Amino acid sequence: MARAAAAALLAAAGTAGPGAAAAAASPTAPAPGPARTAFAGWSAEPAAGRPYVYLEGASGSVLQDTLSVTNTGARPLTVRLSGEGASIAFAVRSVTVPARTRADVPFAVTVPADTPPGDHQGSVRAGAAGRETVVPLHLRVSGPRLAALTVEDVRVEPSGTLRYTLVNRGNTVLAPRLAVRAEGLLGTVLDRPERPLPLVLRPGERATRTEPWPDPPALDSVTVRLTAGAPGAAPASARADAAFASPAGVGVLAAVLLAAAGTATYAIRRRR
(Lines give C-alpha, C1' and ligand atoms only; values in the text may rest on other atoms or scores of the structure.)
Protein backbone atom coordinates (compact mmCIF):
# COMPACT_ATOMS: atom_id res chain seq x y z
CA MET A 1 0.00 0.00 0.00
CA ALA A 2 2.84 2.35 0.86
CA ARG A 3 4.49 1.69 -2.51
CA ALA A 4 1.23 2.33 -4.35
CA ALA A 5 0.76 5.56 -2.44
CA ALA A 6 4.31 6.61 -3.27
CA ALA A 7 3.75 5.84 -6.95
CA ALA A 8 0.57 7.92 -6.96
CA LEU A 9 2.40 10.77 -5.31
CA LEU A 10 5.24 10.46 -7.81
CA ALA A 11 2.84 10.66 -10.70
CA ALA A 12 0.99 13.59 -9.16
CA ALA A 13 4.27 15.39 -8.65
CA GLY A 14 5.25 14.88 -12.29
CA THR A 15 8.70 13.60 -11.27
CA ALA A 16 10.74 11.43 -13.60
CA GLY A 17 12.68 9.68 -10.84
CA PRO A 18 15.34 10.10 -8.18
CA GLY A 19 17.33 13.24 -8.53
CA ALA A 20 14.53 15.35 -9.93
CA ALA A 21 12.56 17.97 -8.03
CA ALA A 22 9.52 16.21 -6.57
CA ALA A 23 7.02 18.93 -7.38
CA ALA A 24 7.05 22.41 -8.81
CA ALA A 25 10.61 23.42 -7.95
CA SER A 26 10.54 27.14 -8.39
CA PRO A 27 13.14 29.80 -7.64
CA THR A 28 12.27 31.48 -4.35
CA ALA A 29 13.81 33.58 -1.70
CA PRO A 30 14.90 31.47 1.29
CA ALA A 31 11.69 30.36 2.97
CA PRO A 32 11.45 31.31 6.65
CA GLY A 33 11.22 28.38 9.05
CA PRO A 34 12.28 27.00 12.44
CA ALA A 35 15.96 27.65 13.12
CA ARG A 36 16.49 24.08 14.22
CA THR A 37 15.72 22.77 10.70
CA ALA A 38 18.03 25.13 8.82
CA PHE A 39 21.72 24.74 7.99
CA ALA A 40 24.05 26.92 5.97
CA GLY A 41 22.93 26.50 2.37
CA TRP A 42 19.74 24.47 2.83
CA SER A 43 16.72 23.77 5.01
CA ALA A 44 13.87 21.26 5.25
CA GLU A 45 10.47 21.74 6.87
CA PRO A 46 6.82 20.80 6.38
CA ALA A 47 5.06 22.78 3.66
CA ALA A 48 3.75 26.21 4.71
CA GLY A 49 6.52 26.64 7.30
CA ARG A 50 4.97 24.44 10.00
CA PRO A 51 7.29 23.40 12.87
CA TYR A 52 6.26 19.73 12.66
CA VAL A 53 4.11 17.29 10.69
CA TYR A 54 0.68 16.56 12.17
CA LEU A 55 -1.52 13.86 10.65
CA GLU A 56 -4.76 12.32 11.86
CA GLY A 57 -6.70 9.34 10.56
CA ALA A 58 -8.02 5.86 11.25
CA SER A 59 -5.97 2.68 11.42
CA GLY A 60 -5.49 1.21 7.94
CA SER A 61 -5.52 4.61 6.24
CA VAL A 62 -2.86 6.34 4.12
CA LEU A 63 -2.21 9.98 5.05
CA GLN A 64 -0.37 12.50 2.88
CA ASP A 65 1.74 15.61 3.43
CA THR A 66 4.59 17.53 1.79
CA LEU A 67 8.16 18.34 2.80
CA SER A 68 9.70 21.55 1.47
CA VAL A 69 13.45 21.42 0.80
CA THR A 70 15.05 24.81 0.08
CA ASN A 71 18.53 25.23 -1.41
CA THR A 72 19.80 28.73 -0.64
CA GLY A 73 23.28 27.99 -1.98
CA ALA A 74 24.83 28.80 -5.34
CA ARG A 75 25.10 25.19 -6.56
CA PRO A 76 22.64 22.28 -7.00
CA LEU A 77 22.22 20.17 -3.85
CA THR A 78 21.13 16.53 -3.54
CA VAL A 79 19.12 15.81 -0.39
CA ARG A 80 18.35 12.28 0.83
CA LEU A 81 14.98 11.65 2.50
CA SER A 82 13.93 9.01 5.01
CA GLY A 83 11.50 8.38 7.86
CA GLU A 84 11.63 6.86 11.31
CA GLY A 85 9.00 5.54 13.70
CA ALA A 86 6.34 5.28 11.00
CA SER A 87 5.82 3.72 7.55
CA ILE A 88 6.75 6.68 5.34
CA ALA A 89 6.98 6.54 1.52
CA PHE A 90 8.39 9.55 -0.35
CA ALA A 91 7.68 10.42 -3.96
CA VAL A 92 11.47 10.24 -4.37
CA ARG A 93 14.13 9.05 -1.95
CA SER A 94 16.54 11.78 -2.99
CA VAL A 95 15.95 15.10 -4.67
CA THR A 96 18.42 17.38 -6.43
CA VAL A 97 17.42 20.98 -5.80
CA PRO A 98 18.85 23.68 -8.11
CA ALA A 99 20.55 26.73 -6.62
CA ARG A 100 18.23 29.18 -4.84
CA THR A 101 15.26 26.90 -5.46
CA ARG A 102 12.69 25.05 -3.35
CA ALA A 103 11.43 21.54 -4.05
CA ASP A 104 8.17 20.29 -2.50
CA VAL A 105 8.37 16.52 -1.99
CA PRO A 106 5.07 14.69 -1.31
CA PHE A 107 5.12 11.74 1.07
CA ALA A 108 2.59 9.24 2.41
CA VAL A 109 2.30 7.73 5.89
CA THR A 110 0.63 4.32 6.05
CA VAL A 111 -1.15 3.59 9.35
CA PRO A 112 -1.16 -0.21 9.88
CA ALA A 113 -4.56 -1.78 10.46
CA ASP A 114 -3.57 -2.97 13.94
CA THR A 115 -2.40 0.47 15.15
CA PRO A 116 -4.19 1.32 18.43
CA PRO A 117 -6.03 4.64 18.73
CA GLY A 118 -4.12 7.48 20.33
CA ASP A 119 -0.97 9.50 19.78
CA HIS A 120 2.09 8.12 18.01
CA GLN A 121 5.46 9.69 17.23
CA GLY A 122 7.84 9.51 14.32
CA SER A 123 10.09 11.76 12.26
CA VAL A 124 10.84 12.86 8.72
CA ARG A 125 14.57 13.14 7.99
CA ALA A 126 16.52 15.00 5.34
CA GLY A 127 20.29 14.73 4.92
CA ALA A 128 22.76 16.63 2.75
CA ALA A 129 26.31 17.97 2.91
CA GLY A 130 27.14 15.81 5.94
CA ARG A 131 24.22 17.14 8.04
CA GLU A 132 20.73 15.93 8.85
CA THR A 133 17.45 17.69 9.62
CA VAL A 134 14.89 15.88 11.79
CA VAL A 135 11.28 17.07 11.51
CA PRO A 136 8.96 15.68 14.22
CA LEU A 137 5.95 13.69 13.04
CA HIS A 138 2.87 13.60 15.31
CA LEU A 139 0.31 10.99 14.27
CA ARG A 140 -3.10 10.75 15.94
CA VAL A 141 -5.01 7.56 15.19
CA SER A 142 -8.73 8.08 15.63
CA GLY A 143 -10.83 5.80 17.82
CA PRO A 144 -11.68 5.43 21.51
CA ARG A 145 -9.02 7.04 23.69
CA LEU A 146 -7.94 5.44 26.96
CA ALA A 147 -5.69 7.12 29.52
CA ALA A 148 -4.46 4.54 32.02
CA LEU A 149 -1.45 4.62 34.36
CA THR A 150 -0.21 2.08 36.89
CA VAL A 151 2.42 2.11 39.66
CA GLU A 152 4.35 -1.13 40.00
CA ASP A 153 7.35 -2.72 41.73
CA VAL A 154 7.41 -0.32 44.69
CA ARG A 155 10.15 -1.02 47.21
CA VAL A 156 12.02 0.81 49.94
CA GLU A 157 15.79 0.50 49.95
CA PRO A 158 17.71 0.35 53.26
CA SER A 159 18.87 3.94 52.72
CA GLY A 160 15.25 5.06 52.51
CA THR A 161 15.26 5.66 48.75
CA LEU A 162 11.96 4.66 47.14
CA ARG A 163 12.11 2.77 43.84
CA TYR A 164 9.08 2.28 41.60
CA THR A 165 7.94 1.82 38.00
CA LEU A 166 5.29 3.79 36.12
CA VAL A 167 3.56 2.07 33.18
CA ASN A 168 1.35 3.67 30.53
CA ARG A 169 -1.39 1.05 30.03
CA GLY A 170 -3.52 3.23 27.73
CA ASN A 171 -3.23 4.57 24.19
CA THR A 172 -2.56 8.26 24.89
CA VAL A 173 0.61 10.12 25.86
CA LEU A 174 0.70 10.79 29.61
CA ALA A 175 2.42 13.40 31.77
CA PRO A 176 2.49 11.68 35.19
CA ARG A 177 2.25 13.28 38.63
CA LEU A 178 3.23 11.64 41.92
CA ALA A 179 2.30 11.91 45.61
CA VAL A 180 4.08 10.04 48.42
CA ARG A 181 2.91 9.25 51.93
CA ALA A 182 4.40 7.03 54.64
CA GLU A 183 2.77 5.97 57.90
CA GLY A 184 4.77 4.72 60.87
CA LEU A 185 3.77 3.17 64.20
CA LEU A 186 3.20 6.59 65.74
CA GLY A 187 1.72 8.41 62.74
CA THR A 188 2.72 10.06 59.45
CA VAL A 189 6.47 10.21 58.82
CA LEU A 190 6.43 11.40 55.19
CA ASP A 191 3.84 13.42 53.28
CA ARG A 192 4.67 14.84 49.83
CA PRO A 193 1.76 16.33 47.89
CA GLU A 194 1.20 15.51 44.23
CA ARG A 195 3.67 17.15 41.87
CA PRO A 196 4.51 16.77 38.15
CA LEU A 197 7.36 14.44 37.18
CA PRO A 198 9.92 15.39 34.51
CA LEU A 199 8.94 12.71 32.01
CA VAL A 200 6.36 11.81 29.37
CA LEU A 201 5.14 8.25 28.84
CA ARG A 202 4.02 7.08 25.41
CA PRO A 203 1.48 4.25 25.07
CA GLY A 204 2.98 1.01 26.39
CA GLU A 205 6.07 2.77 27.74
CA ARG A 206 7.38 2.12 31.27
CA ALA A 207 9.86 4.09 33.36
CA THR A 208 11.65 3.01 36.54
CA ARG A 209 12.37 5.92 38.86
CA THR A 210 13.62 6.65 42.36
CA GLU A 211 12.29 9.04 44.98
CA PRO A 212 14.80 10.28 47.57
CA TRP A 213 14.00 10.10 51.29
CA PRO A 214 17.09 11.59 52.94
CA ASP A 215 15.77 11.47 56.53
CA PRO A 216 13.83 8.23 57.07
CA PRO A 217 13.03 7.25 60.68
CA ALA A 218 15.89 5.72 62.65
CA LEU A 219 13.64 3.10 64.22
CA ASP A 220 10.17 2.40 62.90
CA SER A 221 7.99 0.10 60.83
CA VAL A 222 6.39 2.04 57.97
CA THR A 223 3.98 1.61 55.09
CA VAL A 224 4.82 3.74 52.05
CA ARG A 225 2.09 4.52 49.52
CA LEU A 226 2.79 6.05 46.09
CA THR A 227 -0.13 7.57 44.18
CA ALA A 228 0.32 8.50 40.52
CA GLY A 229 -2.03 10.43 38.28
CA ALA A 230 -2.17 12.03 34.84
CA PRO A 231 -4.73 14.19 32.99
CA GLY A 232 -7.64 11.99 31.97
CA ALA A 233 -6.40 8.94 33.90
CA ALA A 234 -7.77 7.58 37.16
CA PRO A 235 -5.31 7.78 40.08
CA ALA A 236 -3.28 4.63 40.66
CA SER A 237 -1.49 3.67 43.84
CA ALA A 238 0.78 0.97 45.21
CA ARG A 239 2.38 0.37 48.61
CA ALA A 240 5.40 -1.21 50.21
CA ASP A 241 6.27 -2.02 53.82
CA ALA A 242 9.67 -1.42 55.37
CA ALA A 243 11.35 -1.56 58.78
CA PHE A 244 14.09 0.84 59.82
CA ALA A 245 16.55 -0.03 62.61
CA SER A 246 19.70 2.09 62.38
CA PRO A 247 22.43 1.67 65.03
CA ALA A 248 21.59 5.08 66.42
CA GLY A 249 17.91 4.21 66.67
CA VAL A 250 18.64 0.88 68.34
CA GLY A 251 20.96 2.63 70.80
CA VAL A 252 18.28 5.16 71.73
CA LEU A 253 15.73 2.37 72.23
CA ALA A 254 18.14 0.42 74.41
CA ALA A 255 18.79 3.49 76.52
CA VAL A 256 15.07 4.10 76.94
CA LEU A 257 14.46 0.48 77.93
CA LEU A 258 17.31 0.54 80.42
CA ALA A 259 16.02 3.77 81.92
CA ALA A 260 12.54 2.31 82.15
CA ALA A 261 13.89 -0.85 83.77
CA GLY A 262 15.89 1.19 86.28
CA THR A 263 12.85 3.28 87.19
CA ALA A 264 10.77 0.15 87.69
CA THR A 265 13.42 -1.42 89.95
CA TYR A 266 13.65 1.76 92.04
CA ALA A 267 9.88 1.82 92.44
CA ILE A 268 9.79 -1.79 93.59
CA ARG A 269 12.51 -1.14 96.15
CA ARG A 270 10.66 1.89 97.48
CA ARG A 271 7.56 -0.20 98.04
CA ARG A 272 9.57 -2.67 100.05
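## Close-up views of a predicted model

**Figure 1. The largest nonpolar core.** The largest nonpolar core in this structure holds 29 residues, and those with the most contacts inside it are Val 151, Tyr 164, Leu 166, Val 224 and Leu 226. At least two residues of this core come from each of the strands S12 (149-156), S13 (162-168), S14 (177-184), S17 (219-230) and S18 (233-245). S18 gives the largest share, six residues. The model is predicted. In soluble globular proteins, nonpolar side chains tend to be buried together.

**Figure 2. Surroundings of Val 224.** Val 224 is among the residues with the most contacts inside the largest core. Leaving out residues up to four places away in sequence, Val 224 touches Val 156, Leu 162, Val 180, Arg 181, Ala 182, Trp 213, Ala 238, Arg 239 and Ala 240.

**Figure 3. The open sheet S12-S13-S16.** Three strands make up this open sheet, in the order S12-S13-S16, and their pairing is antiparallel. S12 and S16 (206-211) stand at the edges with a single partner strand each, so one side of each has no neighbour in the sheet. From one strand to the next, the twist averages 20°. Between S13 and S16, which run antiparallel, there are six bridges. Within this pairing, Leu 166 stands opposite Ala 207 in S16. Leu 166 is also one of the residues with the most contacts inside the largest nonpolar core.

**Figure 4. Strand S9 and its partners.** How many residues of S9 are buried? Nine of the 10 are, so the strand is largely enclosed by the rest of the structure. S5 (residues 62-71) runs antiparallel to S9 and is joined to it by 10 bridges. Thr 70 has Arg 102 in S9 as its bridge partner. S7 (residues 87-90) also pairs with S9 in the antiparallel sense, over four bridges. Ala 89 stands opposite Ala 108 in S9. In a regular strand the side chains alternate between the two faces of the sheet.

Figure 5. Asp 104 lies in S9, which spans residues 101-110. Is this side chain's residue, Asp 104, buried or exposed? With a relative accessible area of 16%, Asp 104 falls under the 20% cut-off and therefore counts as buried. Its side chain makes a polar contact of 2.7 Å with the side chain of Ser 68. A polar contact of 3.2 Å joins the side chains of Asp 104 and Arg 102. Arg 102 is also the bridge partner of Thr 70.

**Figure 6. The tilted pair Phe 90 and Phe 107.** Two aromatic pairs are found in a search of the whole structure. One of them, Phe 90 with Phe 107, is tilted, with 5.6 Å centre to centre and 45° between the planes. The pair links distant parts of the chain, since Phe 90 is in S7 and Phe 107 in S9, 17 residues apart. Phe 90 is buried, with a relative accessible area of 5%. Phe 107 is buried as well, at 0% relative accessibility.

**Figure 7. The edge-to-face pair Trp 213 and Phe 244.** Trp 213 and Phe 244 form an edge-to-face aromatic pair, 5.7 Å centre to centre and with 85° between the planes. Trp 213 lies in the loop between S16 and S17, whereas Phe 244 is in S18, so the pair ties together parts that are 31 residues apart in sequence. Trp 213 is buried at a relative accessible area of 2%, and Phe 244 counts as buried at 7%. Trp 213 is also among the residues that Val 224 touches.

Figure 8. Ala 129 is not a glycine, yet has a positive phi of about 55°. Where does Ala 129 lie? Ala 129 is in the loop between S10 (118-128) and S11 (131-141). Its relative accessible area is 64%, so Ala 129 is exposed. Asp 153, also not a glycine, has a positive phi of about 55°.

Definitions and conventions
Residues are numbered from 1 along each chain as its sequence is written. This is a predicted model: local features need pLDDT of at least 70, side-chain atom pairs count only at pLDDT 80 or more; totals for chains, interfaces and linings use all residues. Side-chain values use heavy atoms; hydrogens and water are left out. Buried means under 20% relative accessible area, exposed over 50%, partly exposed in between (1.4 Å probe, protein chains only). A polar contact is a pair of N or O atoms within 3.5 Å; within protein, one must be able to donate a hydrogen and the other to accept it, and residues adjacent in sequence count only if both atoms are side-chain atoms. Two strands pair if DSSP finds at least two bridges between them. A nonpolar core is a set of buried Ala, Val, Leu, Ile, Met, Phe, Trp, Tyr and Cys residues joined through side-chain atoms within 4.5 Å. Contact means heavy atoms within 4.5 Å. Axes are lines fitted to C-alpha atoms, for helices over the stretch in contact, and angles run from 0 to 180 degrees between N-to-C directions. Rings of Phe, Tyr and Trp (its six-membered ring) pair if their centres lie within 6.5 Å; planes under 30 degrees apart count as stacked, over 60 as edge-to-face and the rest as tilted.
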